[in-house]
Amino acid sequence: DTQNACTDWSLLNSWISTSGASAVRLDNAAGWQVRSLHTYGTMEHAIYANRCFATAISDNYIEDFGLKGGAGRTFYGIACHVQDSAASLIHANKIFAFRSDPDAESTFTYIGVPGVAHGTADASGVIGVHGNVVRGAGRTGDVGLAFDAGGGKLEVASSANLVVGVSQPRTVGDGVTLVTTY
């Protein structure tokens, strides 16, 4: 999509195996639903979504990711760069690492919000991260949930996530506010 116009779609009920790069990479995830996928054998990120604006990433089963490795690189099970104005949701995903041997110099983040996309200093993203299950392989440096505003502001409602087998269950960067859920 060279015009950045492919928005408001659904990617549903699919198996994505042995991708040479990321299993799913969306440059403009505005309005997308990414649901009920099973990814495995993924060399880079399992699901990487830029410009999440009213985006839902839910009910996916991710087995391993970042198999390529690479010194200083971060690989994501799910990454969602949020946009300001509309809120997005990461819900009821199952993300597991069965291999404990990938490159020790890489960072593996199971669910991450790396920043607020296209944001200025006053841009504010909103996302809910609820009911996900993360099971790591006990590797040093693995992160279960990572929230970063990337220079903007980010409000995160995060609840009922089960995170085990990682060295850092949750990281929260500058500009991030964890909000109470009701």
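## Terms and basis

Buried means under 20% relative accessible area, exposed means over 50%, and partly exposed lies in between, with a 1.4 Å probe and protein chains only. By this scale Ala54 is partly exposed, with a relative accessible area of 42%.

This is a predicted model, in which local features need pLDDT of at least 70 and side-chain atom pairs count only at pLDDT 80 or more, while totals for chains, interfaces and linings use all residues. Residues are numbered from 1 along each chain as its sequence is written, and side-chain values use heavy atoms, with hydrogens and water left out.

## The open sheet

Strands here are DSSP runs of E with at least two residues, numbered from the N terminus. Two strands pair if DSSP finds at least two bridges between them. Six strands make up an open sheet in the order S2-S4-S7-S10-S13-S16, with parallel pairing. Strand S2 (24-26) and strand S16 (168-172) stand at the edges with a single partner strand each, so one side of each has no neighbour in the sheet. On average, neighbouring strands of this sheet are turned by 20 degrees against each other, direction ignored; the axes are lines fitted to C-alpha atoms, and angles run from 0 to 180 degrees between N-to-C directions.

Strand S13 (residues 143-147) pairs in the parallel sense with S16 over four bridges, and strand S10 (residues 107-113) pairs with S13 in the parallel sense, also over four bridges. Leu145 stands opposite Arg170 in S16, and Ile111 stands opposite Leu145 in S13. The bridge partner of Ala146 in S16 is Thr171. Five of the five residues of S13 are buried, so this strand is largely enclosed by the rest of the structure.

## The disulfide

A disulfide is a pair of cysteine sulfur atoms within 2.5 Å, and by this rule the count is one. Cys52 and Cys80 form the disulfide, with their sulfur atoms 2.2 Å apart. Cys52 lies in strand S4 and Cys80 in strand S7 (residues 74-82), so the pair ties together parts that are 28 residues apart in sequence. Cys52 is buried at a relative accessible area of 0%, and Cys80 counts as buried at 1%.

## The nonpolar core

A nonpolar core is a set of buried Ala, Val, Leu, Ile, Met, Phe, Trp, Tyr and Cys residues joined through side-chain atoms within 4.5 Å. The largest has 39 residues, and those with the most contacts inside it are Ile127 and Leu154. S2, S3, S4, S7, S10, strand S11 (124-130), S13 and strand S14 (153-159) each supply at least two residues of this core.

Contact means heavy atoms within 4.5 Å. Leaving aside neighbours within four places in sequence, Ile127 is in contact with residues including Cys80, Val82, Val113 and Leu154.

His45 lies in the loop between strand S3 (33-40) and strand S4 (47-52) and is buried, with a relative accessible area of 6%. A polar atom of the His45 side chain lies 3.0 Å from the backbone nitrogen of Tyr76. Beyond its neighbours within four places in sequence, His45 is in contact with Ser22, Ala23, Arg25, Thr74, Phe75 and Tyr76.

Arg51, in strand S4, has a positive phi of about 55 degrees although it is not a glycine. Arg51 counts as buried at 19% relative accessibility. Ala54, in the loop between S4 and strand S5 (56-58), has a positive phi of about 60 degrees and is not a glycine either.

Conventions:
Polar contact = N/O pair within 3.5 Å; in protein donor to acceptor, adjacent residues only side chain to side chain.
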